[in-house]
Amino acid sequence: MSGADIIDGKAFAANVRADVGKQVDVLKREHGLVPGLAVVLVGEDPASQVYVRNKGKATVEAGMHSFEHRLPVETTQDALLKLIEELNAAPAVHGILVQLPLPDQISEAAVLAAIDPAKDVDGFHLINVGLLSTGGEGLVPCTPRGCLMMLKDRLGDLTGLRALVVGRSNIVGKPMAQLLLGANCTVTVAHSRTKDLDEECRRADILVAAVGRPRMIKGDWIKPGATVIDVGMNRIDDDRPGAEPGKTRLVGDVDFDEAVRVAGAITPVPGGVGPMTIACLLANTVTAACRAAGIAEPEV
């Protein structure tokens, strides 16, 4: 099959994690500083358990301290907020991540607001959101940061390129648009209710799909040669010829089999954006540790 270059997020993320490991080595050797990441999981959601395990493993592999707090599903909001208060005050903890979703009795907004913005390695605190939107030096959400890194690696200077973000979530769509604006793109934010969405897509040199609908964006919606970043992660019944009945598979928000024939470059699902999220979480933890210590991030 001729067509787009495949952007290997797994390999890219491995390089980012290797660089983080080198930074951590320098911080230990020259400053006696070991970055620490605390991850809090409330309940027993199977997907969240996998995420937390992977985050802890990656943190240790990078030479950092990993602090895991697993709380029962009936944990009260007050108990969780008390734990966050303790983590905010703990000098060895530089990054705090509370795994979402949370049980119904706990307000996500209240929990995210309680995390010290300087330790908010997810980049979800309103202060970090505000800093991003005004060009300040906050902590940037991991998935959009990873997407921007891959775009700059692929395209170099993004100045003047027409970028379309499909999706307006606080976690991906909105911060992605802010990062692209910061990179001097001309940015449009669209969503599932946008009129003539296919025409908006056809104008974009950069298309970031983060709308949460399986294979919504078709191949003939894509501008020939465009760079496509597919953030979608949707589990569907495996409809490929010869697939076992009842088997499922992951697909993105872009119809990959069609888009790969038209785009200049595209991220696959899985193996594209996903691995970059954890890599950028580690990078954010290093950033937070260096800022807390008042030192520059080591160049590697």
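Is R215 buried, partly exposed or exposed? With a relative accessibility of 21%, R215 comes out as partly exposed, where buried means under 20% relative accessible area, exposed means over 50% and partly exposed is what falls in between (1.4 Å probe, protein chains only). The model is a predicted one, so local features need pLDDT of at least 70 and side-chain atom pairs count only at pLDDT 80 or more, while totals for chains, interfaces and linings use all residues. Residues are numbered from 1 along each chain as its sequence is written, and side-chain values use heavy atoms, with hydrogens and water left out.

R215 has something else going on in its backbone: its phi is near 50°, a positive value in a residue other than glycine. R215 sits in the loop between strand 7 (206-209) and strand 8 (227-230). Here helices (H or I, at least four residues) and strands (E, at least two) are DSSP runs, numbered from the N terminus. N184 also has a positive phi, of about 70°, although N184 is not a glycine. The loop that holds N184 runs between helix 7 (173-182) and strand 6 (186-190), and N184 is partly exposed, at 46% relative accessible area.

Next come the cis peptide bonds. The bond from L100 to P101 is cis, with omega near 0°, and P101 belongs to the loop between strand 4 and helix 4 (108-114). The bond from V269 to P270 is cis as well, with omega near -5°. P270 lies in the loop between strand 11 (265-266) and helix 10.

On a 1 Å grid over the protein atoms alone, a pocket is an open set of points with protein on both sides within 12 Å along at least five of seven lines, a cavity is a set of points where a 1.4 Å probe fits but cannot get out, and lining residues have an atom within 4 Å of a point. Grid points are joined across faces, edges and corners, and a volume is the space filled by probe spheres set on the points. The largest pocket has a volume of about 1,400 Å³. It is lined by 49 residues, and Y51, T143, M233, G274 and T277 are the closest to its centre. Helix 1 (9-31), helix 2 (46-61), strand 4 (95-98), helix 6 (142-155), strand 9 (234-237) and helix 10 (274-293) each put at least two residues into this lining. By class, the lining of the largest pocket has 28 nonpolar, 12 polar and nine charged residues; Ala, Val, Leu, Ile, Met, Phe, Trp, Tyr, Cys and Pro count as nonpolar, Asp, Glu, Lys and Arg as charged, and the others, Gly among them, as polar.

Helix 2 gives the most to the lining of the largest pocket, with nine residues. What about the helix itself? Its 16 residues should span 22 Å at 1.5 Å a residue, and its end C-alpha atoms are 23 Å apart, which agrees; the expected span is 1.5 Å times one less than the number of residues. S48, V52, K55, G56, A58 and T59 are buried in helix 2. Seen down the helix axis, the buried residues fall within an arc of 165°, so they line one face of helix 2, the arc being that of the directions from the axis to the C-beta atoms. An α-helix has 3.6 residues a turn, so residues three or four places apart point the same way. On the face of helix 2 turned away from the buried side are the exposed residues P46, K57, V60 and E61.

About 40 Å³ of space lies in the largest cavity, and its lining is made up of R162, A163, L164, T188, E200, R203 and A204. Strand 5 (residues 162-166) gives the most to this lining, with three residues. The lining of the largest cavity splits into three nonpolar, one polar and three charged residues.

Finally, the cysteines. A search of the whole structure turns up zero disulfides, a disulfide being a pair of cysteine sulfur atoms within 2.5 Å. For C185, the closest cysteine sulfur is that of C147, at 13 Å, too far for a bond. C290 is in no disulfide either, and the nearest cysteine sulfur, in C280, is 16 Å away. C185 is buried at 6% relative accessibility, and C290 is buried at 1%.
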